[in-house]
Amino acid sequence: AHCCDIHPRPSPVWDALDRRIRQRVPVPANIQQLRTATEEEWTNTPQATINNLINSTQRRCVAPREANGYHTRY
């Protein structure tokens, strides 16, 4: 069976934040723009979304164990 500790993946929260930043037009072109974009996207992400993503982490870690190493939806 696989485990999140064995095959670490980016946190769903950071994954979502990364997608939001990459969808910006224009995409941040330097470190300062990236910092500003990150702060803006973090501030504009609803708390309910963040909570749902955090809560999904446990499901993602338990799913492979429950599937006995077989395919999961994650």
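Which residues of α3 are buried? The legends below refer to a predicted model, and the opening view gives the answer.

**Figure 1. Buried positions and extent of helix α3.** In α3, the buried residues are I50, L53, S56, V62, A63 and P64. The elements that cover these buried residues include α1 and α2. Helix α3 spans residues 47-66. With 20 residues, α3 reaches 29 Å from its first C-alpha to its last, close to the 28 Å expected at 1.5 Å a residue. Just after α3, N68 adopts a positive phi of about 55 degrees.

**Figure 2. Packing of helix α1 against helix α3.** Two packed helices are described by the angle between their axes and the distance between the axes. Here the axes of α1 (residues 12-22) and α3 (residues 47-66) come within 8 Å, and they cross at roughly 130 degrees. On the α1 side, the contact is formed by P12, V13 and A16. On the α3 side, the contributing residues are I50, L53, I54, S56, T57 and R60. Sorted by class, the contact of α1 with α3 comprises six nonpolar, two polar and one charged residues. I50, L53 and S56, which take part in this contact, are among the buried residues of α3.

Figure 3. Side chains of opposite charge can pair when their charged atoms come close. The structure holds five salt bridges, one of which joins D18 to R22. The closest N and O atoms of D18 and R22 are 2.9 Å apart. Both residues belong to helix α1 and are separated by four residues, about one turn of the helix. D18 is partly exposed, having a relative accessible area of 31%, whereas R22 counts as exposed at 59% relative accessibility.

Figure 4. R20 forms a salt bridge with E41, and their closest N and O atoms lie 3.0 Å apart. Because R20 is in helix α1 and E41 is in helix α2 (residues 31-44), the pair ties together parts that are 21 residues apart in sequence. E41 is buried, with a relative accessible area of 11%, while R20 is partly exposed, with a relative accessible area of 28%.

Figure 5. The side chains of E40 and R24 meet in a salt bridge with an N to O distance of 2.6 Å. E40 lies in helix α2 and R24 in the loop between α1 and α2, so this pair ties together parts that are 16 residues apart in sequence. Both partners are partly exposed: E40 has a relative accessible area of 35%, and R24 has a relative accessibility of 24%. R20, R24, E40 and E41 are linked in a network of salt bridges.

Figure 6. Q33 is located in helix α2. This residue is partly exposed, with a relative accessible area of 38%. When neighbours within four places in sequence are left aside, Q33 is in contact with V27 and P28.

Technical notes
Residues are numbered from 1 along each chain as its sequence is written. This is a predicted model: local features need pLDDT of at least 70, side-chain atom pairs count only at pLDDT 80 or more; totals for chains, interfaces and linings use all residues. Side-chain values use heavy atoms; hydrogens and water are left out. Axes are lines fitted to C-alpha atoms, for helices over the stretch in contact, and angles run from 0 to 180 degrees between N-to-C directions. Helices (H or I, at least four residues) and strands (E, at least two) are DSSP runs, numbered from the N terminus. Contact means heavy atoms within 4.5 Å. Ala, Val, Leu, Ile, Met, Phe, Trp, Tyr, Cys and Pro count as nonpolar, Asp, Glu, Lys and Arg as charged, and the others, Gly among them, as polar. A salt bridge is a side-chain nitrogen of Lys or Arg within 4 Å of a carboxyl oxygen of Asp or Glu. Buried means under 20% relative accessible area, exposed over 50%, partly exposed in between (1.4 Å probe, protein chains only). The expected span of a helix is 1.5 Å times one less than its number of residues.
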